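Let's take a walk through this model together, from the overall picture down to single residues. Keep the viewer open as you read.

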Amino acid sequence: MTTVEPKTAEGGHEVLRISTAGSVDDGKSTLIGRLLFDSKAIPDDQYEAILRVSDGEDINLALLTDGLRAEREQQITIDVAYRYFSTAKRRFIIADTPGHAQYTRNMVTGASTADLALILVDARKGLLNQSRRHAVIAALLRVPRVVVAVNKMDLVGFEESVFRQIESEFRTFLAGMSDQTVDFVPISALQGDNVVERSRNMPWYGGPAILEYLETVPLEADPSHGLFRLPVQCVIRPDQNFRGFAGRITGGEISVGAEVKVARNGLRSRVRSVETADGSLTSARVGDSVILTLEDEIDVSRGDTLVRVEHSIDSTQAFEATICWMGEQPLKLDRPYIVAHSTREAAGQVRAIDYRLDIETLERVGAETLELNEIGRVAITTSRPLFLDTYQDNRATGGFILIDPAVNVPVAAGMITRTQVDVDAGLRESVVQKGLIVGLEGSVSIAVELEAHLREAGYRTVRLGADLFDGSGLDFETEVWNVAQVLSRQGAIVIVLAKGGDVQIILTDDALPEDELGTLYARSGDVDGADLAHRLEPYLVGTG
């Protein structure tokens, strides 16, 4: 990897994003507490609160990070706790992630944006499965650098042989898995050895203390600094004179006057202005949240991706990925899931599991499902094209989430490994294509827009209007539903438009709870076809 220009924040300091990992009781929270305490990065009121809780005894440094009541009660970290501190050389954002295997999903969350993974190992226990799991996840998430802190060296007499044995086992385990840079530091977080200051108890160690390491470690090049990507989160149109496209730049940079295109339809324009909450800019780069205005009134909607005309992006309905399964229920092949990618969602199915990764041996094992916290390589198809990169090229547009539409919760985090996969066209078309009836009242134009957006999304639709029944002898109110039900049983999404009234959405899927239908009714008074298509997406997935 190559060194990249420093990532800077306010004040001009470099920013280093760190995720911590390790098994329960390895001392993650104590290490972070020691870093904050010894570097004097603790607010006075928090320091005094900790002293009161400690009640005259030795200060419990873990209390500085175990901010959740439940964590304190259970004496474990159950969620990602973010901490911010700075020194004269750098600013740091630390994601303190859980140690329990059941919360591995949170470790994935914390590591997904990290520049460095800090993995703790208890010197008394050596390399445990959870340490291996975290190392594998850090490698899969392409965290550029890993530092292994062998903690509790005070409990093994500061013996160099213990440290070297763990270092050797870890290096053997990681060999060939990735091109990450891995370093090892022996520490005692409780006593402060090699945390902020170098330890006199381990003269055999000639490397830096943890803080010195974090302050001086070179930042690696981020591939997302290359190709420009702006997933559009929303269209801003406060009046007829302004139309902007808001989102966070996930790759490259953009300047006023640059020519861009919409990945979905290829329409082109030039950037008229780059707006931010702090005013207009002449240019912006990856990580910036902006509103772009264009010189032309081209078709751009929420969920689209803007790219520079010279920066292509793959469009695909079939790709391969490595996923970490986070669902309580096992992965089911051919079950409908929502693929949430950038600002776009699509119905999707896992068509095949190439293999499951054995965390202990790194062996690729054949599998028919994935259980909680298991990692595997899978093939996925979607109902409509997604515009994406491999995770190797861009950690934002190369990553995605699988959502279970039945309970509307994330069940897997995925890293795309291959963007173009040949599959039978029938497989793509079969994704979630089970019939559904969507009833609308009051607006022909919205019904037409809704149908257009659903078709663009890959669904087969039929639109029935009350005017089609005029003179037919059929009674619209009583007969149309019979026709719609016949068509829906044949796999169509039937949009039924009645005359008059306000815009309303009527879903006929018996599986939907009544309160969901009520929510749709209540919120459908000021929408357009694109909004309706977006709101309907989860229900369409659930009908497969």
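This is a predicted model: local features need pLDDT of at least 70, side-chain atom pairs count only at pLDDT 80 or more; totals for chains, interfaces and linings use all residues.

Residues are numbered from 1 along each chain as its sequence is written, and side-chain values use heavy atoms, with hydrogens and water left out.

The protein has 12 helices and 27 strands; helices (H or I, at least four residues) and strands (E, at least two) are DSSP runs, numbered from the N terminus. Of its 544 residues, 52% are buried. Here, buried means under 20% relative accessible area, exposed over 50%, and partly exposed in between, using a 1.4 Å probe and protein chains only. The exposed surface comes to about 24700 Å², of which carbon and sulfur atoms supply 45%; these areas come from the Shrake-Rupley method with a 1.4 Å probe, and for residues only the protein chains shown count as cover. Among contacts with a separation of 6 or more, 72% are between residues 24 or more positions apart, where contact means heavy atoms within 4.5 Å.

Let's turn to helix 9, which covers residues 444-456. Its 13 residues reach 18 Å from first C-alpha to last, close to the 18 Å expected at 1.5 Å a residue (the expected span is 1.5 Å times one less than the number of residues). Which residues of helix 9 are buried? They are Ile446, Ala447, Leu450, Glu451 and Leu454. Seen down the helix axis, these buried residues fall within an arc of 135°, so they line one face of helix 9; the arc is that of the directions from the helix axis to the C-beta atoms. Val444 and Arg455, on the other side of helix 9, are exposed.

Next come the strands. Strand 15 (residues 289-294) pairs with strand 9 (residues 242-248) in the antiparallel sense over five bridges, and Arg248 stands opposite Ser289 there. Strand 15 also runs antiparallel to strand 12 (residues 268-276), joined by four bridges, with Val274 as the bridge partner of Leu292. Two strands count as paired if DSSP finds at least two bridges between them.

Val494, in strand 26 (residues 493-498), has 0% relative accessibility and so counts as buried. Beyond four places in sequence, Val494 touches residues including Leu436, Val438, Val462 and Leu487. Val185 lies in strand 6 (residues 181-186) and is buried, with a relative accessible area of 1%. Val185 and Pro208 are 23 residues apart in sequence, yet their C-alpha atoms are 7.7 Å apart in space. Among the contacts of Val185 beyond four places in sequence are Phe163, Asn194 and Tyr205.

Asn194 sits between strand 6 and helix 7 (210-216), and its phi is near 60°, a positive value in a residue other than glycine. Asn194 is buried at 2% relative accessible area. Asn373, between strand 20 (364-365) and strand 21 (375-388), also has a positive phi, of about 75°.
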